[in-house]
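Q: I have a protein model open and would like to go through it with you. Can we take it topic by topic?

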Amino acid sequence: MNSSLTMKLREENHPEFWRKRIDKDLLSNWMGQTKTCPACARSHTIKTKAMIKDQDCAGKAGLYLKDMQMSGRCKVIMDIQTRAVAGDTLMEGLKDFSPEAVVFERDDLHADEQSLGTLLTAMSDKPDFLVSCGSGTLTDITRYNAYMAGIPFVAYATAASVDGFASGSTPLLVKGFKTTYPGIAPDLILYDPSVLAAAPQKMIAAGFGDVLAKIIALIDWRLAYFAEDEAYCPLIAGLVDQAVEQCLNLADDLAVSEKAAQQERQKKETACSQLMEALSLTGLAMQMMGTSRPASGSDHHISHLLEMRDIQRHKKGSLHGDKVGIGTLIGMTLYMRLFEGRRLPVQKPPLPAAVWEKEVRRVYGPLAEQAIAKNDPQPPQGKVWETQKQSIEAAMASFGYDYVDRFSKLLPAARDHITAIGGPVRPDQLGYSIQDTYDAIAHGKEVRPKFTTLRLAERFGWLYDLAEEIADGLPAGKIY
Ligand SMILES: [Zn+2]
Ligand SMILES: [Zn+2]
């Protein structure tokens with residue numbers, strides 16, 4: 001075994017080692033600061049200074065901002081729905097900061113060129129800071145404009161539906177292609193448990209799906225560290241892993257209906273607030289790492305391809321966390337199939353480069369040139385792949401097989417939890433065809449040139465057959 005592999009397998013490189021050593025104040029003591037990491041020795045920065053949970057924190061927003069020494073004038077970014085939920089109260093709460101509302105009325109709002117331009121033109125009087133009032137999309141539109149204008153922003157969350165609130169990068173749709181752009185993290189995140197609990201049930205299910213995705217994101221990331229020497233931090237992985245575990249226990253309370261008795265609804269408020277904490281924590285993990293790696297793997301790549309397809313078809317999209325939750329269940333299936341019997345898959349030949357290119361052109365249509373430019377036509381082979389394979393084998397034997405063994409119980413449990421909370425578990429429930437599902441599994445990987453489950457399956461020559469089997473079997477309930 002070579003020395004780099006021995007080093008990677010050391011106990012101090014296991015997330016479990018750090019999980020035992022994480023005290024509850026670790027993150028709050030890191031907020032607003034840069035510190036040297038005891039686990040990976042890199043310096044990690046959390047720009048966000050505080051997360052504030054409070055009843056009526058929209059009405060009291062001005063007080064919190066003054067506490068943070070914020071001053072000047074602000075724009076408050078919302079849509080018609082979030083204006084009714086909290087936007088008007090937020091405007092009142094921020095009255096000492098001369099707030100002006102920017103209200104989006106588009107039905108199919110995306111963080112794309114049009115919405116970014118709309119906000120930019122509303123900023124001609126150069127506000128001192130921005131306040132987003134909404135969930136993922138509104139926060140991203142605000143984040144990117146704040147970043148470009150070099151001003152801070154505050155995120156008021158109206159639903160615990162996505163982990164992007166605390167993130168420092170921005171997923172944008174540019175010319176229809178979902179790409180990660182830079183951004184800034186909010187200085188402050190505000191949320192009110194009663195507002196989160198009153199959000200549409202499908203948004204809560206989406207937030208739960210976005211947390212579940214970390215089950216796949218974490219193993220994808222750790223295997224990328226072994227196979228491709230990608231930067232990895234076991235402390236950050238341990239933090240995210242802990243958040244996922246806590247979230248799995250919330251499922252019953254998140255499923256409580258609006259009509260339930262007061263005591264049950266109280267439990268739901270608490271659970272929504274904990275879900276928001278788990279989502280924010282994974283956002284903070286992305287800030288610390290400076291990439292989306294701790295929170296996004298093949299689960300997200302499958303989702304991104306489906307989302308891009310909606311946009312090509314001018315179809316009103318579903319929620320991010322809905323598709324990500326489905327991507328997670330598919331990701332678990334892929335891992336279970338690949339490593340059945342606790343051993344590496346039998347090597348099969350890769351897809352010929354010309355067939356790959358033809359398929360990418362079919363799947364990506366007008367976006368194919370971008371996808372082809374970002375990716376190699378064939379996976380690594382020969383000595384490079386043999387070395388990677390050895391590392392993957394050692395990683396699987398050390399922790400991977402045990403991790404994947406859990407999926408036999410976790411997969412049906414996750415499926416049932418999402419269903420009970422009110423979310424979809426199969427692509428056909430969102431109107432996607434067998435072909436769409438095949439394309440997302442077989443070619444979601446070209447969205448980002450990152451090592452994930454999908455690349456793993458591709459390198460062993462299993463991806464396209466598995467994609468076909470899973471896509472065909474899913475609508476009939478034959479896969480999970
Ligand atoms: Zn670290
Ligand atoms: Zn996500």
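Q: What should I know before we start?
A: This is a predicted model, in which local features need pLDDT of at least 70, side-chain atom pairs count only at pLDDT 80 or more, and totals for chains, interfaces and linings use all residues. Residues are numbered from 1 along each chain as its sequence is written, chains are lettered from A and ligands numbered from 1 in the order in which they are written, and side-chain values use heavy atoms, with hydrogens and water left out.

Q: Ok, metals. Which protein donors does the zinc ion (ligand 1) have?
A: They are Cys37 (SG), Cys40 (SG), His44 (NE2) and Cys233 (SG), at 2.1 to 2.3 Å from the ion. Donors are N, O and S atoms within 2.8 Å of the metal (3.2 Å for Na, K and Ca); water is not among the atoms, so sites may look incomplete.

Q: And what geometry does the site of the zinc ion (ligand 1) have?
A: The site is tetrahedral, and the angles among its 4 donor atoms run from 99 to 116°. Four donors count as tetrahedral if all angles lie between 85 and 135 degrees.

Q: How are those donors of ligand 1 spaced along the chain?
A: The spacing is C-x2-C-x3-H-x188-C.

Q: Is cysteine 40 buried or exposed?
A: Cysteine 40 is buried, with a relative accessible area of 18%. Histidine 44 is buried too, at 1%. Buried means under 20% relative accessible area, exposed over 50%, and partly exposed in between (1.4 Å probe, protein chains only).

Q: What coordinates the zinc ion (ligand 2)?
A: Asp210 (OD), His300 (NE2) and His320 (NE2) do, at 2.1 to 2.3 Å. Their spacing in sequence is D-x89-H-x19-H.

Q: Where are the histidines of that pair?
A: Histidine 300 lies in helix α14 (residues 298-312) and histidine 320 in helix α15 (residues 320-338), 20 residues apart. Helices (H or I, at least four residues) and strands (E, at least two) are DSSP runs, numbered from the N terminus. Histidine 300 is buried at 5% relative accessibility, while histidine 320 is partly exposed at 22%.

Q: New topic. Which domains does the protein chain have?
A: The assignment gives domain 1 (1-199 + 232-290) and domain 2 (298-473). Such bounds come from an automatic or database domain assignment.

Q: How many residues of each are in contact?
A: 17 residues of domain 1 are in contact with 23 residues of domain 2, where contact means heavy atoms within 4.5 Å. The centres of the two domains, taken over C-alpha atoms, are separated by 27 Å.

Q: Why is helix α20 called largely enclosed?
A: Helix α20 (residues 434-443) has 8 of its 10 residues buried, so the rest of the structure largely encloses it. Among the buried residues are Asp436, Tyr438 and His443. The cover over them includes α14, α15, α16 (353-364), α21 and α22.

Q: Now rings. How many aromatic pairs does the structure hold?
A: There are 14 aromatic pairs. Rings of Phe, Tyr and Trp (its six-membered ring) pair if their centres lie within 6.5 Å; planes under 30 degrees apart count as stacked, over 60 as edge-to-face and the rest as tilted. One of the pairs is tyrosine 144 with tyrosine 181, which is edge-to-face at 5.8 Å centre to centre, with 90° between the planes. Tyrosine 144 is in helix α7 (residues 136-149) and tyrosine 181 in strand β9 (residues 177-182), so this pair ties together parts 37 residues apart in sequence. Another is tryptophan 385 with phenylalanine 460, edge-to-face at 5.0 Å and 75°.

Q: Which residues form one aromatic cluster?
A: Trp221, Tyr225, Phe226, Tyr232 and Phe399 do. Lysine 8 lies over the face of tyrosine 225, 5.3 Å from the ring centre, and arginine 222 lies over the face of phenylalanine 399, at 3.5 Å. A charge sits over a ring if NZ of Lys or CZ of Arg is within 6 Å of the ring centre and within 35 degrees of the ring normal.

Q: Last one. What does arginine 342 touch?
A: Not counting residues up to four places away in sequence, arginine 342 touches Tyr401, Asp402 and Asp405. Arginine 342 lies in the loop between α15 and α16 and is partly exposed at 40% relative accessibility.

Notes:
Four donors count as tetrahedral if all angles lie between 85 and 135 degrees; four count as square planar and six as octahedral if opposite donors are over 155 degrees apart and all others between 65 and 115; anything else is irregular.
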